[in-house]
Every structure is written in structure tokens, then in C-alpha cells.
Amino acid sequence: MDDINKLGLPIVLLAALWGAVNTTLSFFEIINARRDMMFALVDSCGYCAEKTLGPIEIYLTNLLPLTIGNIIFLGLICYVILSIPRHMKIADDMEAKRLKAACRAIALLPAFGVLGFVGGGIFDMVMLIRSL
């Protein structure tokens with residue numbers, strides 16, 4: 001029974017990572033589409049005061065909330081992965097250290113995703129301000 005519990009942990013970690021990557025790629029696709037739409041409007045009509053949704057409205061109602069939501073989501077995934085060793089009852093100290101190291105390594109992907117989306121969000125804001 002103990003071996004089954006040991007096998008379950010890597011599967012849980014892999015599933016958490018796969019879910020984070022899959023969701024992040026979906027967010028990334030939507031964010032890029034909104035960014036393209038926003039900058040196409042900037043190129044064609046600037047502020048687009050005559051349009052219902054101009055580039056600023058698209059940024060504030062679509063791009064910014066999606067970016068912040070993805071940052072929060074990836075941060076939560078990172079936290080969950082890093083907190084797994086605290087909830088596991090492992091008697092062997094070496095095995096516990098390996099689990100902690102594995103969780104830290106696996107949490108690097110969502111952590112870098114957080115940094116990437118923070119940087120991308122700042123870049124989008126700066127580019128929008130500079131282009132208007």
C-alpha cells in the first residue's frame with residue numbers, strides 16, 4: 001500500500017503541472033488575440049473615440065484582467081506544488097528531501113510563468129501608453 005501512495009504523488013504533480021501549462025497556453029492565446037486587436041485599433045484610429053470599444057477599453061476590460069487572472073492562477077499553482085511536501089507523511093528523511101527538491105523544481109515552471117506574464121503585462125501597458 002505504501003508503494004501505491006508513493007506512485008500517486010508524481011502523478012498528482014504531473015497532473016497539476018499539465019493543468020497549469022494547458023490553462024496558461026489558453027490564457028496566452030486569448031491575451032495575444034486581445035493584444036493584436038488592441039494594437040490594430042491603435043494603428044487604424046488611435047484612441048478610436050467613435051468606436052464603442054477602443055484600445056483603452058479593450059486593455060482595461062480584457063487584456064489587463066486576463067493577465068492578472070493568469071498571474072494569480074500560476075501563483076496559486078506554484079503555491080500548491082510547493083506546499084505538497086508539508087502535507088505528505090514521509091518517514092524517510094532522504095525521501096522527504098528528494099520530494100522537496102522535486103516540488104521546487106516542478107514549481108519553477110509556473111513561477112517563471114508568473115514572471116513572464118508580469119513582464120508582458122508591464123510591456124503591454126508601456127507600449128499602449130507610448131503608442132497613444
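User: How do helix 2 and helix 3 pack, and at what angle?
Analyst: In this predicted model, helix 2 (residues 55-87) packs with helix 3 (residues 93-131) at about 165 degrees, and their axes are 8 Å apart. Angles over 145 degrees count as roughly antiparallel, so helix 2 is roughly antiparallel to helix 3.

User: Is the crossing of helix 2 and helix 3 left-handed or right-handed?
Analyst: Left-handed, for that pair.

User: And what classes of residues are in the contact of helix 2 with helix 3?
Analyst: There are 22 nonpolar residues, along with five polar and three charged ones.

User: Let's pick one residue. Where does I71 lie?
Analyst: I71 is part of helix 2.

User: Which residues is I71 in contact with, leaving aside its neighbours within four places in sequence?
Analyst: Those would be V114, F117 and V118. There's also G113, which is 42 residues from I71 along the chain, yet 7.7 Å separates their C-alpha atoms.

User: Okay, new topic. Where in helix 2 is the kink?
Analyst: Look at L63, shortly before the proline P65: helix 2 has a kink of about 30 degrees there.

User: What span should helix 2 have, at 1.5 Å a residue?
Analyst: With 33 residues, helix 2 should span 48 Å. The C-alpha atoms at its ends are 46 Å apart, so that agrees.

Definitions and conventions: Residues are numbered from 1 along each chain as its sequence is written. This is a predicted model: local features need pLDDT of at least 70, side-chain atom pairs count only at pLDDT 80 or more; totals for chains, interfaces and linings use all residues. Side-chain values use heavy atoms; hydrogens and water are left out. Axes are lines fitted to C-alpha atoms, for helices over the stretch in contact, and angles run from 0 to 180 degrees between N-to-C directions. Helices (H or I, at least four residues) and strands (E, at least two) are DSSP runs, numbered from the N terminus. Angles under 35 degrees count as roughly parallel, over 145 as roughly antiparallel, 65 to 115 as roughly perpendicular and the rest as oblique. A crossing is left-handed if the near helix is turned anticlockwise from the far one by less than a right angle, and right-handed if clockwise. Ala, Val, Leu, Ile, Met, Phe, Trp, Tyr, Cys and Pro count as nonpolar, Asp, Glu, Lys and Arg as charged, and the others, Gly among them, as polar. Contact means heavy atoms within 4.5 Å. The expected span of a helix is 1.5 Å times one less than its number of residues. The bend at a residue is the angle between axes fitted to the seven residues ending there and the seven starting there.
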